[in-house]
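Visitor: I am new to this structure and would like to learn how to read it. Could you walk me through it?

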Amino acid sequence: MNYENGTVKNVHYGDVLIKFGDYIDASKIELPYISDDAKTEKFKNSFLQNGDIVIADTAEDDTVGKCTEIQGSEGMKLLSGLHTIACRPKEKNGPMFLGYYINSPAYHNQLKPLMQGIKVTSRQPYHPSSVCVLTIVQEDLHMEITTANGKTLLFCEYYKQWITVYKEGAIRSVTMNKYNMAYQWLLKLAPEIKISDLDRISYQKILNDYASVHERQTTMDFHHHLKCAILDAVDEGLIPRDPTRKAIIKGKHPRTKKPKYLNQYELHKLIDDLDLTPEINMDWLILLIAKTGMRFSEALGLTPSDFDLAHQTLSVSKTWDYKGSGGFLPTKNQSSIRKIPLDWQTVIQFAELLKNIPEDKPIFVTKKIYNSTVNDLLERHCRNADIPTISIHGLRHTHASLLLFAGVSIASVARRLGHSNITTTQKTYLHIIQELESKDIDIIMRSLSNLNS
């Protein structure tokens with residue numbers, strides 16, 4: 001900011017707290033310019049007008065919530081700065097009345113507890129192009145969130161803004177697609193619900209409508225994608241209470257599930273049916289996933305440099321964007337970056353296969369590759385071997401299941417699979433853990449019975 005030149009002037013929260021009174025005449029006081037006009041272009045529909053209220057939402061003492069009313073702004077481009085809330089009266093009041101009223105002890109003492117939950121951040125509480133509409137009703141203040149053109153801010157609009165601000169560029173594209181899909185469903189299920197009207201009943205109705213055409217787990221995922229945005233809205237004071245509290249997750253009766261994993265005998269039959277040629281092919285991919293438990297995208301991202309044959313390890317540090325336009329991508333999470341020990345037979349096999357492949361070239365990708373293509377190949381092998389048909393991801397489950405049945409600890413399995421925490425592994429393989437616990441009980445009972453004299 002500067003005091004010499006510019007197009008748009010700024011109302012600073014520090015000035016609201018210390019310098020300004022109940023109102024300011026913007027034409028008669030010195031206000032700083034925003035130095036970079038380009039940054040203000042996206043706020044051109046949010047310039048302050050006469051009668052608008054600027055509330056300081058951050059302070060180191062009980063002056064938080066202090067406001068100033070804007071007057072004398074005709075012909076000016078004026079924006080409120082960081083740590084402020086810009087508000088516009090829904091009903092006309094006499095000049096300078098609202099600034100006086102909000103700063104009066106009678107009202108200000110009620111406002112302070114409400115302001116304590118608003119975050120100290122470098123943005124407006126909900127979106128820079130949004131403003132608040134205030135209505136004086138029986139000596140109280142009713143706040144309703146609207147867009148800059150006066151239209152009430154809808155829940156689906158807030159959610160779209162939230163995705164853009166918090167998720168865009170911060171998460172993988174595949175995860176971003178899930179948030180965008182949740183937004184599309186919001187447009188379909190709740191296109192007219194205002195953010196300020198979202199309560200437990202209206203939110204439960206959204207979940208129920210979604211659950212009528214989805215299974216329970218899918219509904220749970222939808223709920224989680226919405227909940228994180230809603231909790232932010234509660235923190236920012238846009239919703240008075242958490243509408244997701246005690247939400248009931250329903251869903252359609254699940255379809256008959258295909259087997260998720262093979263037992264050891266079935267896996268041996270599958271491997272015997274693979275066409276493991278002297279050149280790399282998709283059957284080698286199937287074998288490697290079965291022996292390492294890697295994710296499909298992780299296996300596609302492997303290059304010869306990832307194989308440390310001398311130490312019999314395989315480094316997982318990237319994935320392949322098979323759902324998009326190709327190319328390397330980061331792993332699913334930090335825990336997915338890992339070294340997987342390899343058996344000596346796999347080391348010998350891949351030592352020969354990798355000889356003529358460039359160190360930085362993906363060993364399994366020569367053209368556009370689809371998950372469905374590899375699943376079709378795996379299905380043919382399963383039919384040939386007369387075993388249950390599983391997906392390529394089912395090989396990952398098979399690998400983990402065999403390790404657990406062999407007595408490998410849940411912590412070691414979690415590290416090998418690249419899970420972010422043991423809880424993920426426990427939830428995914430709960431049925432196996434319960435089966436193992438039943439066997440443990442038998443062992444415990446036999447051990448205790450041997451203690452009898």
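Visitor: Which residues do ring pairs link into a cluster?

Guide: Welcome! This is a predicted model, in which local features need pLDDT of at least 70, side-chain atom pairs count only at pLDDT 80 or more, and totals for chains, interfaces and linings use all residues. Residues are numbered from 1 along each chain as its sequence is written, and side-chain values use heavy atoms, with hydrogens and water left out. Now the rule: rings of Phe, Tyr and Trp (its six-membered ring) pair if their centres lie within 6.5 Å; planes under 30 degrees apart count as stacked, over 60 as edge-to-face and the rest as tilted. Here, ring pairs join Y159, W162, Y166 and Y179 into a cluster.

Visitor: How many aromatic pairs does this rule give?

Guide: The count comes to 10 aromatic pairs. Take W162 and Y166: their ring centres are 5.7 Å apart and their planes stand at 40°, so this pair is tilted. Both belong to helix α5 (residues 155–167), and because they are 4 residues apart there, about one helical turn separates them. Helices (H or I, at least four residues) are DSSP runs, numbered from the N terminus.

Visitor: Is W162 buried or exposed?

Guide: Buried means under 20% relative accessible area, exposed over 50%, and partly exposed in between (1.4 Å probe, protein chains only). W162 has 5% relative accessibility, so it counts as buried. Y166, at 31%, counts as partly exposed. Compare another pair: Y210 and F222 are stacked, with 3.9 Å from centre to centre and 5° between the planes. Y210 lies in helix α7 (residues 200–211) and F222 in helix α8, so this pair ties together parts that are 12 residues apart in sequence. Y210 is buried, with a relative accessible area of 6%, and F222 counts as buried at 3%.

Visitor: At what angle do helix α6 and helix α8 pack?

Guide: Axes are lines fitted to C-alpha atoms, for helices over the stretch in contact, and angles run from 0 to 180 degrees between N-to-C directions. Angles under 35 degrees count as roughly parallel, over 145 as roughly antiparallel, 65 to 115 as roughly perpendicular and the rest as oblique. Helix α6 (residues 173–189) and helix α8 (residues 216–235) pack at about 90°, with axes 10 Å apart, and are therefore roughly perpendicular.

Visitor: Which residues of α6 and α8 meet?

Guide: Contact means heavy atoms within 4.5 Å. From α6 come K178, Y179, A182, W185 and L186, meeting F222, H225, L226 and C228 of α8.

Visitor: What about helix α10 and helix α13: at what angle do their axes cross?

Guide: The axes of α10 (residues 282–292) and α13 (residues 371–385) come within 10 Å and cross at roughly 80°, so these helices too are roughly perpendicular to each other. M282, D283, L285 and I286 of α10 make the contact with V374, L377, L378 and H381 of α13.

Visitor: Which residues does T219 touch?

Guide: Leaving out residues up to four places away in sequence, T219 touches L207, Y210, A211, H214, I249, K250 and G251. T219 is found in helix α8 and counts as buried, at 0% relative accessibility.

Visitor: And where is A400 found?

Guide: A400 sits in helix α14 (residues 392–405) and counts as buried at 0% relative accessibility. With residues up to four places away in sequence not counted, A400 touches V413, L417 and Y429.

Key
Helices (H or I, at least four residues) and strands (E, at least two) are DSSP runs, numbered from the N terminus.
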